[in-house]
Amino acid sequence: MRSVQNKHIAGRLHVCITFCGIYEKDFGTEYCVALLIVSFKLKQSRNKMVAGRLALVTGAASGIGKATCRLLAHKGATLVAADRNPEGIAHLIKELNMTAHGDQKHTGVSIDVSDDESVRNALLKVLEHHNQPPSIIINNAGITRDNFLLSLSETDFDDVLSVNLKGTFLVTQTFCNSIVNHGIKIASVVNLASIIGKYGNMGQSNYAASKAGVEALTKTTAKELGRLGIRCNAVLPGFVDTPMTQAVPDKVKNKFMPLIPMGRFASPEEIAEVIAFLASEKSSYVNGASIDVTGGF
Ligand code: NAI
């Protein structure tokens, strides 16, 4: 993979130097040096991508998680797709491995992020397959159990907090301990929070509380782990067209639509682009940030 990229860059340099030869006559040496600097920066920028890195995505079998796996794989990362839906994972891994290139060998792992033992087993499987922990962790698994506050059951409150908030904590703690123990010096954790965690939403007191918690957890993780080379950031989507929102009745969706200046829901791919940016070293000085991706909502 790397050699393919280096060839690509070497090719560009060759073209650049040839151009320099041509341009030197007309524009002089300073112009040629500037061109070479641009070319060098291009090379640096490619090195900041996710190619060659191992990435864990939870909730990978659907929606935003699936789109993120596809994008990171396309950018050259090796994926560990984790979900509590084994069929969905098997399907995705088959698809990803059909278009894999170079050293990429994507794997799937069954996980319930709300269960400590399941998270630890997932890490053991990853270490067995890849001999190292992922240096990119995308905490994306999430659920909703909507109801108005006065009717919300304790179980529905606990379930949402367990998956969305405790799950993010368990995966981050377990995998980041392994990152530190393996002496990995550059790593990135991206947490899926939500704009609802900032503003609240009718019928989603449990979900809003869980996502506000994810944002606070993100900022604290960033403060504690930044010195170890592990950055941690949150993405706050607005409304995204995935199975999670497909379950929302049309009359509720129609109420929100006028409040979105872009006049539409996001596609999962649009959220994946922001996740990939935060995962990569292109965001090397972004730490503890929350990025709204809401179409202006
Ligand atoms: P989705 O429902 O399409 O996919 C969620 C995935 O998480 C599923 O594959 C499911 O099997 C998995 N999952 C659920 N519980 C799990 C557990 N305990 N352990 C492992 N995997 C589990 O959801 P979507 O829309 O792709 O959402 C992804 C993330 O983005 C969630 O955290 C969600 O809260 C967040 N988000 C989504 C928005 C939207 O409008 N769709 C808006 C804001 C945030």
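**Close-up views of a predicted model**

View 1. Asn131 counts as exposed, because its C-beta neighbours inside 10 Å number 9. The model is predicted: local features need pLDDT of at least 70, side-chain atom pairs count only at pLDDT 80 or more, and totals for chains, interfaces and linings use all residues. Residues are numbered from 1 along each chain as its sequence is written. Asn131 sits in the loop between H5 and strand S4 (136-139). Helices (H or I, at least four residues) and strands (E, at least two) are DSSP runs, numbered from the N terminus. The phi of Asn131 is positive, about 60 degrees, although Asn131 is not a glycine.

**View 2. The whole chain and its confidence.** The protein chain has eleven helices and seven strands. Of its 297 residues, 36% count as buried. Among contacts between residues at least 6 apart in sequence, 73% join residues at least 24 apart. Two residues are in contact if their C-beta atoms, placed from the backbone, lie within 7 Å. The chain averages a pLDDT of 90, and 85% of the residues score at least 70. pLDDT is the predictor's confidence in each residue, from 0 to 100. Over residues 1-11, pLDDT stays under 50; the model has twelve contacts beyond four places in sequence for this stretch. Where pLDDT is low, the predicted coordinates should not be read in detail.

**View 3. The shell around the ligand.** There are 30 residues around the ligand; Gly59, Gly63, Gly142, Thr242 and Met244 come nearest. A residue is near a molecule if its C-beta atom, placed from the backbone, lies within 6 Å of it. Helices H3 (63-74), H6 (154-181) and H9 (243-246) each supply at least two residues of the shell. By class, the shell has 13 nonpolar, 14 polar and three charged residues. Ala, Val, Leu, Ile, Met, Phe, Trp, Tyr, Cys and Pro count as nonpolar, Asp, Glu, Lys and Arg as charged, and the others, Gly among them, as polar.

**View 4. Gly59 in its loop.** Gly59 is found between strand S1 (54-58) and H3. Gly59 is buried because 28 other C-beta atoms lie within 10 Å. Leaving aside neighbours within four places in sequence, the contacts of Gly59 are Gly65, Asp83, Asn140, Ala141 and Gly142. Asp83 is 24 residues from Gly59 along the chain, yet their C-alpha atoms are separated by 4.8 Å.

**View 5. H5 against H6.** Helix H5 (residues 116-130) packs on H6 at an angle of about 35 degrees, with the axes 10 Å apart. Axes are lines fitted to C-alpha atoms, for helices over the stretch in contact, and angles run from 0 to 180 degrees between N-to-C directions. From H5, Asp116, Val119, Arg120 and Leu123 meet Leu170, Val171, Thr174, Phe175 and Ser178 of H6. By class, this contact has five nonpolar, two polar and two charged residues.

**View 6. Gly197 in H7.** Gly197 belongs to helix H7 (residues 196-199). Gly197 counts as buried because 23 C-beta neighbours lie inside 10 Å. Not counting residues up to four places away in sequence, Gly197 touches Ala208, Lys211, Ala212, Val214, Glu215 and Leu236. Gly197 and Lys211 are 14 residues apart in sequence, and 4.7 Å apart in space, C-alpha to C-alpha.

Note on methods
A residue is buried if 20 or more other C-beta atoms lie within 10 Å of its own, exposed if 12 or fewer, and partly exposed in between; C-beta atoms are placed from the backbone.
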